[in-house]
Amino acid sequence: PQIRKMLSSGVCTSTVQLPGKVVVVTGANTGIGKETAKELAQRGARVYLACRDVQKGEFVAKEIQTMTGNQQVLVRKLDLSDTKSIRAFAKGFLAEEKHLHILINNAGVMMCPYSKTADGFEMHIGVNHLGHFLLTHLLLEKLKESAPSRIVNVSSLAHLLGRIHFHNLQGEKFYNAGLAYCHSKLANILFTQELARRLKGSGVTTYSVHPGTVQSELIRHSSFMRWMWWLFSFFIKTPQQGAQTSLHCALTEGLEILSGNHFRIEILPMDSLS
Ligand SMILES: NC(=O)C1=CN([C@@H]2O[C@H](COP(=O)(O)OP(=O)(O)OC[C@H]3O[C@@H](n4cnc5c(N)ncnc54)[C@H](OP(=O)(O)O)[C@@H]3O)[C@@H](O)[C@H]2O)C=CC1
Ligand SMILES: CC1=C(/C=C/C(C)=C/C=C/C(C)=C/C=O)C(C)(C)CCC1
């Protein structure tokens, strides 16, 4: 019980409310993204659920509206494995919204069989990093106009095993599904660090996070991971607990000075690792 308590102890303690604020959460129809979106809606923000499956998104939007009483929970189509879809999402969003205060780049795939995005990128690097890279770039002016604003990139402890193999970025020479995930999660952290450097003085800050080991649909492609999750289920966080690090980075006042840092809660108390 002590270990269980330690592994799920970090909680976002910010009391910040978000009336009038606009938020986009990618992959918000399930898992950590859904719980992140729910809490931001609870605090009064207008929340866009950016989902590749609009039907699943609408179902969750209704659930969040009912639970929070916030009707400003909207679903928009976003498939991060297709740059056309990313551009269409951004175009629609920029046309309908004057502001964007918080962008949570949360969606992700893990250990999927070798496949490519519509534009020919290996699926992990394409969805987890390049898709969010393009999305962020397309929304950046709006974030600057809305400053102070924040970008949270959901990475993973798995980045520790990641390497950027420039000679094999698309996994064509060799491919390992687990390592491909790790590489893409390292890319999330490197992106965050460089983005923070480039955005210095703009009022837009950015953070990467490891949410902890969380019960979600992320393990859908790997029976080994499903077995691991089942075996260690006692130690695994709920999605609501997993959302806490993203929420901390999106909400906590005075975090601007730590722009570019990587945050995690697991064993250690809520901390930032530079
Ligand atoms: N669970 C864990 O233990 C950990 C998770 N993370 C990270 O947390 C984030 C959230 O994962 P988690 O909630 O666990 O996993 P889930 O699989 O439950 O959620 C992932 C979300 O990403 C969406 N998604 C996947 N591919 C695309 C795409 N091409 N375009 C748009 N959306 C897409 C999924 O949509 P759909 O439902 O339609 O498939 C889903 O909404 C990920 O970035 C993951 O890497 C990091 C460390 C540990
Ligand atoms: C061994 C072990 C664990 C396994 C952790 C693993 C396997 C984490 C994998 C994380 C991933 C894949 C993150 C995705 O981004 C637990 C459950 C902490 C409990 C204590 C013992």
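One term has to be settled before I go on: I will call a residue buried if 20 or more other C-beta atoms lie within 10 Å of its own, exposed if 12 or fewer do, and partly exposed in between. Helices and strands, for their part, are DSSP runs, numbered from the N terminus. With that in hand, look at helix α9, residues 244-251, which is mostly covered, since eight of its eight residues are buried. Among them are Gln244, Thr245 and Ser246, along with His248 and Cys249. Please keep in mind throughout that this is a predicted model.

Let me step back to the chain as a whole. The protein chain has nine helices and eight strands. Its radius of gyration is 17 Å, close to the 19 Å that the globule rule gives for 274 residues, so the chain is as compact as a globular protein of that length. Along the principal axes, the C-alpha trace spans about 45 × 45 × 40 Å, and buried residues account for 49% of the 274 residues. If we take the contacts between residues at least 6 apart in sequence, 72% of them join residues at least 24 apart.

Now to the strands, where I will take β4, residues 102-105, as the reference point. From this strand Ile102 and Ile104 point one way, whereas Leu103 and Asn105 point the other way, and all of them are buried. On one pairing, strand β1, residues 22-26, runs parallel to β4 and is joined to it by three bridges, with valine 23 standing opposite isoleucine 102. In the other pairing that I want to mention, β4 and strand β5, residues 149-154, are also parallel, over four bridges, and here isoleucine 104 stands opposite valine 152.

Valine 23 comes up again in the core. The largest nonpolar core has 66 residues, and those with the most contacts inside it are Val23, Val25, Val47, Leu49 and Ala50. Helix α6, residues 177-198, gives the most to this core, with eight residues. As for leucine 49, once its neighbours within four places in sequence are left aside, its contacts include Val25, Ala37, Val60, Val73 and Val75.

Finally, is leucine 138 buried, exposed or partly exposed? This residue has its place in helix α5, residues 123-145, and it is partly exposed, because 17 other C-beta atoms lie within 10 Å. Not counting residues up to four places away in sequence, leucine 138 touches Arg87 and Ala90.

Notes. Residues are numbered from 1 along each chain as its sequence is written. Chains are lettered from A and ligands numbered from 1 in the order in which they are written. This is a predicted model: local features need pLDDT of at least 70, side-chain atom pairs count only at pLDDT 80 or more; totals for chains, interfaces and linings use all residues. Helices (H or I, at least four residues) and strands (E, at least two) are DSSP runs, numbered from the N terminus. Two residues are in contact if their C-beta atoms, placed from the backbone, lie within 7 Å. The radius of gyration is taken over C-alpha atoms; the globule rule is 2.2 Å times the number of residues to the power 0.38. A nonpolar core is a set of buried Ala, Val, Leu, Ile, Met, Phe, Trp, Tyr and Cys residues joined through C-beta atoms within 7 Å. Two strands pair if DSSP finds at least two bridges between them.
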